[in-house]
Amino acid sequence: MDPNEFDMHFDGMPETKGIQRTFCKTCKTCPSISIHENLDKVILGGREEGFTVWEKGHFKDMVEDIKAGMFDKFINDGNI
């Protein structure tokens, strides 16, 4: 994916119906998310790491698993 595709993911659409957020407060090379109500794809990643495009349904499944604690043991044991 071209980095501009992330930057332009929902260009021209109402910004109030979407989120583009970078998970770092100190630089612009950290992972980001781009999600919009009117688009079927969710983009995760960053310019340095690369991008992954998810179908909204798959992204929703992952979020539900995270909320349910599926990955907690990997985070809470000090490895992350």
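Author: Start with rings. Rings of Phe, Tyr and Trp (its six-membered ring) pair if their centres lie within 6.5 Å; planes under 30 degrees apart count as stacked, over 60 as edge-to-face and the rest as tilted. A search of the whole structure gives one aromatic pair. Its members are Trp 54 and Phe 59, in an edge-to-face arrangement, with 6.4 Å from centre to centre and 85° between the planes.

Reader: What kind of model am I looking at?

Author: This is a predicted model, where local features need pLDDT of at least 70, side-chain atom pairs count only at pLDDT 80 or more, and totals for chains, interfaces and linings use all residues. Residues are numbered from 1 along each chain as its sequence is written, and side-chain values use heavy atoms, with hydrogens and water left out.

Reader: How many helices and strands does the protein chain have?

Author: Helices (H or I, at least four residues) and strands (E, at least two) are DSSP runs, numbered from the N terminus. The protein chain has three helices and four strands. From the N terminus on, the order is α-β-β-β-β-α-α.

Reader: In what order do the four strands form the sheet?

Author: Two strands pair if DSSP finds at least two bridges between them. Here four strands form an open sheet in the order E1-E2-E3-E4, with antiparallel pairing. Strand E1 (18-22) and strand E4 (50-55) are at the edges. Each has a single partner strand, so one side of each has no neighbour in the sheet.

Reader: Which links join E2 to E3 and E3 to E4?

Author: A hairpin of four residues joins E2 to E3. Another hairpin, through three residues, joins E3 to E4. Now look at the pairing. E2 and E3 are antiparallel over three bridges, and Ser 32 stands opposite Gly 45 in E3. Six bridges join strand E3 (residues 41-46) to E4. There, Leu 44 has Thr 52 as its bridge partner, and Val 42 stands opposite Trp 54.

Reader: How many residues of E3 are buried?

Author: Five of the six residues of E3 are buried, so the strand is mostly covered by the under 20% rule. Take Val 42, found in strand E3. At 0% relative accessibility, Val 42 counts as buried.

Reader: Which residues is Val 42 in contact with, beyond its neighbours within four places in sequence?

Author: Contact means heavy atoms within 4.5 Å. Leaving those neighbours aside, Val 42 is in contact with several residues, including Ile 33, Ile 35, Trp 54 and Phe 59. Those last two names, Trp 54 and Phe 59, are the aromatic pair again.

Reader: Where does helix H2 lie?

Author: Axes are lines fitted to C-alpha atoms, for helices over the stretch in contact, and angles run from 0 to 180 degrees between N-to-C directions. Helix H2 (residues 56-67) lies across strand E2 (32-36), E3 and E4, at about 95° to E4.

Reader: How many salt bridges does the count come to?

Author: A salt bridge is a side-chain nitrogen of Lys or Arg within 4 Å of a carboxyl oxygen of Asp or Glu. The count comes to two. One links Glu 55 and Lys 41, with the closest N and O atoms 2.3 Å apart. Glu 55 is in strand E4 and Lys 41 in strand E3, so the pair ties together parts 14 residues apart in sequence. Glu 55 is partly exposed at 35% relative accessibility, and Lys 41 is partly exposed with a relative accessible area of 35%. Glu 64 and Lys 60 also form a salt bridge, at 3.0 Å from N to O. Both lie in helix H2, four residues apart, about one turn of the helix.

Reader: One last residue. Is His 36 buried or exposed?

Author: His 36, in strand E2, is buried, with 1% relative accessibility. Leaving aside neighbours within four places in sequence, His 36 has contacts that include Phe 10, Met 13 and Lys 56.

Note on methods
Buried < 20%, exposed > 50% of the residue type's maximum accessible area, 1.4 Å probe, protein only.
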